[in-house]
Amino acid sequence: MDSKANLSTFAPSTSQTLSQKVSKQRGAPPSKVWLHCCIAHNSENPAYKYCNYCTEDPIYSSDNSSNMQKHLQGRHQINVEVAISRVQEAALQQLKELYC
Ligand SMILES: [Zn+2]
């Protein structure tokens, strides 16, 4: 094994101050639609979210909640407008952690 761990190549220190702006969430709460979706797996387009229920390619993806809602209703008969219970929400969260 020829491991050339070259630790001497430090990037020139450009004194960059990381300005981390905490984006406050205001306005409308995130749509329930997104509870049925997960973010891109391959980070091709992080803005897009992918349907949790599509099992075959192409997996539906959209960055538009109403488009995704139409897809969920039309394709999977999921009525997003119905408020989901906390139990379901927790289950979805677990699913997300498992699959996303
Ligand atoms: Zn789908």
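This is a predicted model: local features need pLDDT of at least 70, side-chain atom pairs count only at pLDDT 80 or more; totals for chains, interfaces and linings use all residues.

Student: How many helices and strands is that?

Tutor: There are 2 helices and 3 strands.

Student: What makes the strands a sheet, and in what order do they sit?

Tutor: The order is 1-2-3 in an open sheet, and the pairing is antiparallel. Strand 1 (37–39) and strand 3 (61–62) are the edge strands, since each pairs on one side only.

Student: How do you know that strand 1 and strand 2 pair?

Tutor: Pairing takes at least two bridges. Strand 1 and strand 2 (residues 49–51) are joined by 3 bridges and run antiparallel, so they meet that cut-off. One place to look is Cys37, whose bridge partner in strand 2 is Cys51.

Student: Which residues does Cys51 touch, apart from its neighbours within four places in sequence?

Tutor: Cys51 is in contact with His36, Cys37, Ile59, Tyr60 and His71.

Student: Why is Asn45 called exposed?

Tutor: Asn45 has 12 C-beta neighbours inside 10 Å, so it counts as exposed. You'll find Asn45 in the loop between strand 1 and strand 2. Its C-alpha atom is 9.9 Å from that of Ser62, a residue 17 places away along the chain.

Student: On to helix 1. How do you know that its length agrees with its residue count?

Tutor: Helix 1 (residues 65–76) has 12 residues, which at 1.5 Å a residue should span 16 Å; the end C-alpha atoms are 15 Å apart, so the two agree.

Student: Which residues of helix 1 are buried, and what makes them one face?

Tutor: The buried ones are Met68, Gln69, His71 and Leu72. Seen down the axis of helix 1, they fall within an arc of 160 degrees, so they line one face. As a general point, an α-helix has 3.6 residues a turn, so residues three or four places apart point the same way.

Student: What covers that buried side, and what is on the face turned away?

Tutor: The cover over the buried residues of helix 1 includes strand 1, strand 2 and strand 3. The face turned away carries the exposed residues Ser66 and Gly74.

Student: Which residues make up the largest nonpolar core?

Tutor: That core has 6 residues: Val33, Cys37, Cys51, Met68, Leu72 and Val80. Across the protein, buried residues make up 12% of the 100 residues.

Student: Is Gln77 buried or exposed, and how do you know?

Tutor: Gln77 has 8 other C-beta atoms within 10 Å, so it is exposed; the cut-off is 12 or fewer.

Student: Last one: where is the cis peptide bond?

Tutor: It joins Asp57 and Pro58, with omega at about -5 degrees. Most peptide bonds are trans. Pro58 lies in the loop between strand 2 and strand 3.

Notes. Residues are numbered from 1 along each chain as its sequence is written. Helices (H or I, at least four residues) and strands (E, at least two) are DSSP runs, numbered from the N terminus. A residue is buried if 20 or more other C-beta atoms lie within 10 Å of its own, exposed if 12 or fewer, and partly exposed in between; C-beta atoms are placed from the backbone. The expected span of a helix is 1.5 Å times one less than its number of residues. The arc is that of the directions from the helix axis to the C-beta atoms. Two residues are in contact if their C-beta atoms, placed from the backbone, lie within 7 Å. A nonpolar core is a set of buried Ala, Val, Leu, Ile, Met, Phe, Trp, Tyr and Cys residues joined through C-beta atoms within 7 Å.
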